[in-house]
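The following paragraphs walk through a two-chain protein model, from whole chains down to individual side chains. Please keep the sequence and the structure open while reading.

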Amino acid sequence: MAVWVSVGGCSLLSPIRGRLRVGQAAVLAWRVPLRAAGTGPVYDVVVSGGGMVGSAMAAALGHDVHFGEKKILLLEAGPRKVSGRLPESYSNRVSSISPGSATLLSSFGAWDHVCSLRFKPFRRMQVWDACSEAMIIFDKDNLEDMGYVVENDVIMSALTKQLDAVSDRVEVLYRSRAVGYIWPLTCHLSDTSPWVKIDLADGRRLETKLLIGADGQNSMVRKAAGIQNMRYQYDQSAVVATLHLSEATDNNVAWQRFLPSGPIALLPLSDTASSLVWSTSHEHAAQLLSMDEESFVDTINSAFWSNLHHSDFIDTAGSVFRSAISLLMPSGTPARQLPPSIARVEPKSRAVFPLGMGHATEYVRHRMALIGDAAHRVHPLAGQGVNMGFGDIACLTHHLSTAAFNGKDLGSIKHLLQFETERQRHNLSLMAAIDLLKRLYSTSVAPFVLLRTWGLQTTNALSPVKEQIMSFASK
Amino acid sequence: MWGCGGLSRAARALVGARGWSSGAGPPGRRLGAVAGDHYGPAFQTGPAGFSENYSWKMQLTSNSTRSAMKRLYSTSHTTVDSKEMNKFQLLAHRWWDEQGEYSTLHSLNDIRVPFIRDTLLNMSGDHQLGSPLSGVKILDVGCGGGLLSEPLGRLGASVTGIDPVEDNIRAAEQRKSFDPVLAKRIQYKPCSLEDIVEEATETFDVIVASEVVEHVADLEMFIKYCYQVLKTEGSLFITTINKTQLSYILGIVVAERIMGIVPEGTHDWEKFISPEELECLLDSNGFLVKTVNGMSYNPLSGSWSWTESTSINYAVHAMKCRVKEQSSSREPPSETDKEEHPAEASASTTV
């Protein structure tokens with residue numbers, strides 16, 4: 001038909017058409033034995049993956065005013081975590097929650113639960129180099145909190161409570177694993193269902209108008225959709241542990257030191273305890289895990305205090321630069337503080353996990369969106385991983401809420417593409433910066449050390465730049 | 001040109017003549033000459049011609065197996081233009097491809113749905129969050145594949161979608177059948193407005209005629225039918241295209257022939273109507289025009305926006321006025337008149 005040709009030739013629309021077509025190829029890859037035309041339940045939104053990001057997504061939609069009549073389902077492969085009393089000792093998996101993420105959590109009432117359980121705000125962040133005296137201090141002039149250190153279990157407990165509060169709109173299926181996804185054909189044959197079909201391990205089939213993949217770095221949703229994932233395995237693993245300080249202190253500073261083997265960070269948990277996140281080589285990580293508790297504590301203390309990696313050349317160059325800056329900016333730079341020293345480590349709190357970077361080339365397809373680690377995975381050195389996921393949730397909820405209020409089909413790719421553009425812009429710049437920092441600080445070769453020393457000192461002296469960094473990272 | 005009928009007609013309209021018996025006027029005031037002289041003869045022949053049509057209609061009504069399609073071709077009081085029907089028949093399967101021939105209509109939802117929703121919300125005091133239009137009965141005339149019926153249904157309204165092209169209704173039904181919520185809220189009927197006028201008198205809170213009036217055969221008749229089917233103080237939403245040089249250049253030459261945004265031959269410039277004329281027609285048929293807004297389409301972004309200028313596309317919101325008192329200037333009422341218009345039974349008793 002001549003009409004077909006004239007529209008098909010319109011190049012403005014072809015990127016979208018291409019996006020819609022590729023999804024069809026994925027149907028063949030994930031073919032499951034067809035059953036008779038299922039008349040299973042049709043949900044408006046299904047969130048696959050009940051971790052922090054998936055649960056928060058389901059809770060955010062469930063509490064949204066325009067989703068009052070919608071049906072939402074959260075699929076989680078694991079069992080429901082019984083929310084009894086909090087254990088006395090701190091968990092070794094903690095997250096640094098930015099103010100932006102805290103705002104999102106409070107928008108559906110989860111932050112109140114976090115506050116009533118356990119959390120630690122911090123006001124300052126000191127980051128310094130092991131190879132030189134250069135350091136940078138972030139703090140907010142107006143005595144606001146820069147961020148909060150919260151155990152992952154506490155966040156999950158708060159989210160579960162809020163999901164229970166909207167159980168009429170949000171159904172949660174525990175111990176349910178999706179084994180296959182069938183994407184709708186986009187050539188609009190009227191006799192086939194236009195929804196996404198999900199096959200569960202127990203044989204049930206569900207249909208949904210929008211599938212949100214929040215199933216982590218090895219996302220099955222992403223693989224089923226055939227979306228390319230650019231990944232890079234860092235030669236590093238992160239060692240986590242819960243540490244007890246030598247003496248009680250006003251523990252409201254987050255510390256991070258860049259060693260040549262990787263950054264070591266201390267996040268405050270209380271006035272007497274802090275959480276350790278040490279990214280280092282695989283071999284060193286294995287050593288740290290296996291050594292006895294005393295040696296472990298000594299290693300940590302020396303990592304923070306020793307000047308082993310300093311060289312005279314760098315020290316001189318650094319101090320010359322510093323005096324130059326203080327001439328130009330007599331107001332000076334914030335005073336350096338000394339990190340606390342560690343007395344002992346909580347028994348059985350040491351754990352290790354590998355680190356890598358990943359980014360999905362597309363976040364959305366027709367009737368599908370990826371959020372959290374399924375879309376992007378970063379190095380923990382900037383404490384941004386889960387915050388990027390929460391940022392995805394805020395953006396996607398905003399677009400879906402507007403779409404629902406306009407009576408739109410929730411799975412329509414138009415507003416999903418808007419979400420993708422907004423988030424990719426933010427996430428890619430942040431990921432590039434984090435990756436750059438990681439590489440820059442992984443070396444002890446003099447020119448790079450000099451470069452980063454001067455760079456760090458300059459940035460430390462320029463408050464507007466620091467403020468920009470803080471506001472970007474706290475979104 | 002068409003002649004708005006002048007002040008005398010407007011005065012007559014205000015005083016009370018409505019519907020069929022709105023008084024004889026010059027034949028030239030009829031719009032949509034393509035479909036032929038349906039309107040004129042009925043009035044020239046006077047009451048006699050009236051009763052002929054009336055008895056014929058009564059026969060059909062009693063016929064239990066009414067076939068809507070057959071009737072459309074034979075009735076002489078139709079708003080449906082068969083040439084227009086054929087145009088849409090060919091593309092009946094393309095409705096739901098968001099990037100296909102109807103992509104401009106899909107993206108038009110981004111402004112017309114909020115327009116309808118916000119106008120209705122502003123008029124009513126409270127609403128249920130999550131279902132802002134619940135309890136509202138809407139008639140979507142010329143619903144096509146249901147592109148506008150579905151969003152309105154999702155917002156909670158009970159929608160009846162009608163379209164004379166059966167294939168369109170089939171496409172709409174099929175699409176709706178997969179969604180359990182919409183299947184209950186939306187009803188589709190393959191008929192035209194005149195077919196439901198009797199059974200649906202004063203039934204609907206809202207009528208939506210979006211991108212339709214430029215395709216009807218007889219616009220004034222269409223508006224009169226809308227009047228009958230609406231409840232008092234009900235709303236009528238129309239979106240259509242202005243009849244200007246700009247709308248010819250951009251709306252037909254560029255959109256259809258050059259850029260292929262709209263399938264070629266969709267629009268006939270002769271049938272476009274300016275907002276002033278439309279307002280005039282509405283005023284003289286018992287409506288009060290509340291809002292006229294210009295709309296414009298950006299082909300690069302594929303999106304619509306509101307604009308000051310109504311030179312190409314525009315949207316109108318009008319409300320059905322309360323029934324005014326009848327005056328003696330009305331035609332001598334025949335028995336057939338009274339029976340044919342039960343809606344005006346209360347009015348006719350004052351004659």
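Two residues are in contact when they have heavy atoms within 4.5 Å. On that basis, residues 24 or more positions apart account for 78% of the contacts in chain A with a separation of 6 or more. The model is predicted, and every value below is computed from it.

Chain A has 14 helices and 22 strands. Of its 475 residues, 55% are buried. Its accessible surface is about 20,400 Å², with 58% of that belonging to carbon and sulfur atoms.

Chain B has 15 helices and eight strands. It contains 351 residues, and 56% of them count as buried. For contacts in chain B between residues at least 6 apart in sequence, 72% join residues at least 24 apart. The accessible surface of chain B comes to about 14,600 Å², and carbon and sulfur atoms contribute 56% of it.

Within chain A, helix α13 spans residues 446–461 and includes A:Gln457. Is A:Gln457 buried or exposed? Its relative accessibility is 6%, so A:Gln457 counts as buried, the limit for that class being under 20%. Leaving out residues up to four places away in sequence, A:Gln457 touches A:Ala134, A:Gly318, A:Phe321, A:Arg322 and A:Ile325.

Elsewhere on chain A, A:Asp292, A:Glu293, A:Glu294 and A:Asp298 form a negative surface patch. A:Asp292 sits in the loop between α8 (282–290) and α9 (293–305). With 45% relative accessibility, A:Asp292 is classed as partly exposed.

Salt bridges come next; the count over all chains is 32. One of them links A:Lys209 to A:Asp44, with the closest N and O atoms 3.2 Å apart. A:Lys209 lies in the loop between β12 (205–208) and β13 (211–213), and A:Asp44 in the loop between β1 (42–43) and β2 (45–48), so the pair ties together parts of chain A that are 165 residues apart in sequence. A:Lys209 counts as buried at 8% relative accessibility, and A:Asp44 counts as buried at 10%.

Another salt bridge in chain A joins A:Arg80 and A:Asp164, whose closest N and O atoms are 2.9 Å apart. Because A:Arg80 is in the loop between β3 (72–75) and β4 (94–97) and A:Asp164 is in helix α6 (residues 152–165), this pair ties together parts 84 residues apart in sequence. A:Arg80 is partly exposed at 40% relative accessibility, and A:Asp164 is partly exposed at 38%.

In chain B, B:Lys87 forms a salt bridge with B:Glu84, the closest N and O atoms being 2.8 Å apart. Both residues belong to helix α5 (residues 82–90) and are three residues apart, about one turn of the helix. B:Lys87 is partly exposed at 26% relative accessibility, whereas B:Glu84 is buried at 5%. Salt bridges with shared partners connect B:Asp81, B:Glu84, B:Lys87 and B:Lys271 into one network.

The surface of chain B also carries a nonpolar patch made of B:Leu246, B:Tyr248, B:Ile249 and B:Leu250, which together have about 330 Å² of accessible area. B:Ile249 is in helix α12 (residues 245–258) and is partly exposed, with a relative accessible area of 44%.

B:Glu264 lies in the loop between α12 and α13 (275–284) of chain B. Its relative accessible area is 55%, so B:Glu264 is exposed. Apart from its neighbours within four places in sequence, B:Glu264 is in contact with B:Glu256 and B:Arg257.

Terms used: Residues numbered from 1 in each chain as written. Chains lettered and ligands numbered in written order. Predicted model: local features only at pLDDT ≥ 70, side-chain atom pairs only at ≥ 80, totals over all residues. Heavy atoms only, no water. Helix = DSSP H or I, 4+ residues; strand = E, 2+ residues; numbered from the N terminus. Buried < 20%, exposed > 50% of the residue type's maximum accessible area, 1.4 Å probe, protein only. Patch = residues over 30% accessible without salt bridge, like charges linked within 9 Å, V, L, I, M, F, W, Y side chains within 5 Å. Areas by Shrake-Rupley, 256 points an atom, 1.4 Å probe, with all protein chains shown as cover. Salt bridge = Lys/Arg side-chain N within 4 Å of Asp/Glu carboxyl O. Lys, Arg positive; Asp, Glu negative; His and termini not counted. Charge placed at Lys NZ, Arg CZ, Asp CG, Glu CD.
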